[in-house]
Amino acid sequence: MRRGLRLLTQATEAFEGFITSLGHDIYFVEPLYYHNAIIFERYGFNYQSGRRLMEQVETGFSPGGSLRALLDGSTPFRKPEAAGSIRLRSWAIHDGILGEAFTDVTMYKRVGKSAGISTCPGCEW
């Protein structure tokens, strides 16, 4: 798997400098996909809305969970190994495993502070 450019740390720091120069100490993002929300969590963001959905996704993909039971290989995006992978979970969600669209997730970050949230502990990329 390709690791990307690894620029989000520098971009976040630069953006926080910009936010501070405007006299603000908080900003918002709207992750459009599950994996984006996880990335933002790892950068210290908190949830304004959608945390319950993220926790339900974690519970659903856990052993005995309702989403895990749907990982039956019926599509290329619903393989059993998706339960333990952020990337593959995101594909399964995009494939409609939730029964609804992944929407209404809004996150915020306080400049210089981390919320310390992880809705998918122990999950690999």
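The mean pLDDT of this protein chain is 94, and 98% of its residues reach 70 or more; pLDDT is the predictor's confidence in each residue, on a scale from 0 to 100. Confidence is lowest in helix H1 (residues 8-21), with a mean of 92, and highest in strand S2 (residues 46-49), at 98.

A word on the ground rules. This is a predicted model, where local features need pLDDT of at least 70 and side-chain atom pairs count only at pLDDT 80 or more, while totals for chains, interfaces and linings use all residues. Residues are numbered from 1 along each chain as its sequence is written, and side-chain values use heavy atoms, with hydrogens and water left out.

Now for the overall picture. The protein chain has five helices and three strands, and along the sequence they follow the pattern α-β-α-β-α-α-α-β. Helices here are DSSP runs (H or I) of at least four residues and strands are runs (E) of at least two, numbered from the N terminus. Taken along the principal axes, the C-alpha atoms fill a box of roughly 50 × 30 × 25 Å. Of the 125 residues in the protein chain, 35% are buried, where buried means under 20% relative accessible area, exposed means over 50%, and partly exposed is in between (1.4 Å probe, protein chains only). Take the contacts in the protein chain with a separation of 6 or more: 71% of them come from residues 24 or more positions apart. Contact means heavy atoms within 4.5 Å.

Let's look at how helix H5 (residues 86-94) meets other helices. Its axis and that of helix H3 (residues 51-61) come within 12 Å and cross at roughly 105 degrees, so H3 and H5 are roughly perpendicular to each other. On the H3 side the contact is made by Val57, Glu58 and Phe61, and on the H5 side by Arg89, Ala92 and Ile93. Sorted by class, that contact has four nonpolar, no polar and two charged residues.

Helix H2 (residues 34-42) also packs with H5, at an angle of about 140 degrees and with the axes 8 Å apart. That makes H2 oblique to H5. Angles under 35 degrees count as roughly parallel, over 145 as roughly antiparallel, 65 to 115 as roughly perpendicular and the rest as oblique. The axes are lines fitted to C-alpha atoms, for helices over the stretch in contact, and the angles run from 0 to 180 degrees between N-to-C directions. Tyr34, His35, Ile38 and Arg42 of H2 meet Ile86, Arg89, Ser90 and Ile93 of H5.

A few single residues are worth a stop. Glu16 sits in helix H1 and is buried, with a relative accessible area of 11%. Its side chain makes a polar contact with the side chain of Lys109 at 3.0 Å (a pair of N or O atoms within 3.5 Å; within protein, one must be able to donate a hydrogen and the other to accept it, and residues adjacent in sequence count only if both atoms are side-chain atoms). Leaving out residues up to four places away in sequence, Glu16 touches Tyr27, Lys109, Arg110, Val111 and Gly112.

Glu55, in helix H3, is partly exposed at 38% relative accessibility. Glu55 and Cys120 are 65 residues apart in sequence, yet 8.0 Å apart in space, C-alpha to C-alpha.

Finally, Arg78 lies in the loop between helix H4 (66-69) and H5, and counts as buried at 14% relative accessibility.

Definitions and conventions:
Nonpolar A, V, L, I, M, F, W, Y, C, P; charged D, E, K, R; others polar.
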